[in-house]
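Open the model in a viewer and keep the selection panel at hand. The stops below are meant to be followed in order.

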Amino acid sequence: MLAGDLSDMRTRLKLQKAELQNALARIHKLATRDDLTGLVNRRHMEELAAMEQRRGMRSGSLPCLCLVDIDHFKRINDQHGHAAGDEVLRLFARHAAASMRETDVLARWGGEEFLVMLPDTRPDEARTGFERLRRLLARDEAWGAQAHMRVSFSAGLTAWRQGEALRDALARADHALYEAKASGRDRLIEK
């Protein structure tokens with residue numbers, strides 16, 4: 001009888017442990033991922049950037065950072081509704097993530113703005129990847145039934161400098177993004 005009770009107790013403990021592990025995995029996902037796009041969220045990207053900066057200071061190779069903003073996104077929401085805008089964000093995120101390397105990190109930075117961290121990447125290499133994404137997004141096939149809501153993006157690219165604070169590198173990328181938008185959108189400017 002005691003052996004049966006112990007066996008039942010072990011079974012219940014295994015079940016509880018599995019439930020706890022599943023709950024912890026869900027909590028981790030909620031804390032580190034954007035609900036809408038499934039991408040890394042802003043808070044987690046800041047943590048990953050700090051780790052990459054420490055790694056880069058040891059290796060001497062810091063990443064490129066690129067702020068990406070969907071052009072005329074407000075028009076999508078105004079003309080087609082917020083559900084359609086959400087679908088555009090999801091499609092953009094899916095295509096952008098698929099075009100990145102495994103080591104690159106794509107985060108939803110806020111609204112229709114994304115931040116990409118490209119470790120061990122020179123700006124010219126980063127530019128090539130973003131131009132590939134731009135060409136993909138220009139094709140109707142990339143948008144399927146939402147081809148009438150196809151969007152372009154503007155981007156500001158910068159190489160993170162040794163000893164530079166993240167906010168300073170981001171300010172430079174943001175300035176480049178602003179310049180890309182001011183000079184006609186659907187382009188990438190490097191600073």
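Start with Met 9, which is partly exposed, having a relative accessible area of 42%. The coordinates belong to a predicted model. Met 9 is in helix α1, residues 2–32.

**Aromatic rings**

Next, select the aromatic side chains. How many aromatic pairs are there? The count comes to 2. One of them is Phe 92 with Phe 114, a tilted pair whose centres are 5.0 Å apart and whose planes are 40° apart. The angle is classed this way because planes under 30 degrees apart count as stacked and those over 60 as edge-to-face, with the rest called tilted. Phe 92 belongs to helix α4 (residues 82–99) and Phe 114 to strand β3 (residues 113–118), so this pair ties together parts that lie 22 residues apart in sequence. Colour by accessibility and both Phe 92 and Phe 114 come up as buried.

Phe 92 and Phe 153 make an edge-to-face pair, with 6.0 Å from centre to centre and 70° between the planes. This pair links distant parts of the chain, since Phe 92 is in helix α4 and Phe 153 in strand β4 (residues 153–159), 61 residues apart. Phe 92 and Phe 153 are both buried. Show the three side chains at once: ring pairs link Phe 92, Phe 114 and Phe 153 into a cluster.

The charged end of Arg 134 sits over the ring of Phe 153, at 4.5 Å from the ring centre. Is Arg 134 buried or exposed? Its relative accessible area is 12%, so Arg 134 counts as buried, the limit for buried being under 20%.

With Glu 131, the side chain of Arg 134 meets in a salt bridge of 3.2 Å, N to O. Arg 134 and Glu 131 are 3 residues apart in helix α5 (residues 123–137), which means that about one helical turn separates them. Glu 131 is partly exposed, at a relative accessible area of 25%.

Arg 134 also meets Asp 186 in a salt bridge, here at 2.9 Å, N to O. In this case the pair links distant parts of the chain: Arg 134 is in helix α5, whereas Asp 186 is in the loop between α6 and β5, 52 residues apart. Asp 186 counts as partly exposed, with 37% relative accessibility.

**Other salt bridges**

Turn to Arg 150 and Asp 140. These two form a salt bridge in which the closest N and O atoms are 2.0 Å apart. Arg 150 and Asp 140 are each in the loop between α5 and β4, 10 residues apart. Arg 150 is partly exposed at 37% relative accessibility, and Asp 140 is partly exposed as well, with a relative accessible area of 40%. Then select Glu 52, Arg 55 and Asp 120, which salt bridges with shared partners join into one network. To list the whole set, display every salt bridge in the model; the count comes to 18.

**Backbone angles**

The last stops concern phi. Most residues other than glycine have a negative phi. Arg 185 is in the loop between α6 (166–182) and β5 (188–190). Arg 185 counts as partly exposed at 26% relative accessibility.

Finish at His 72. Its phi is positive too, at about 55°, although His 72 is not a glycine. His 72 is found in the loop between β1 (64–70) and α3 (73–80). With a relative accessible area of 38%, His 72 is partly exposed.

Technical notes
Residues numbered from 1 in each chain as written. Predicted model: local features only at pLDDT ≥ 70, side-chain atom pairs only at ≥ 80, totals over all residues. Heavy atoms only, no water. Helix = DSSP H or I, 4+ residues; strand = E, 2+ residues; numbered from the N terminus. Buried < 20%, exposed > 50% of the residue type's maximum accessible area, 1.4 Å probe, protein only. Phe/Tyr/Trp six-rings, centres within 6.5 Å; stacked < 30°, edge-to-face > 60°. Lys NZ or Arg CZ within 6 Å of the ring centre and 35° of its normal. Salt bridge = Lys/Arg side-chain N within 4 Å of Asp/Glu carboxyl O.
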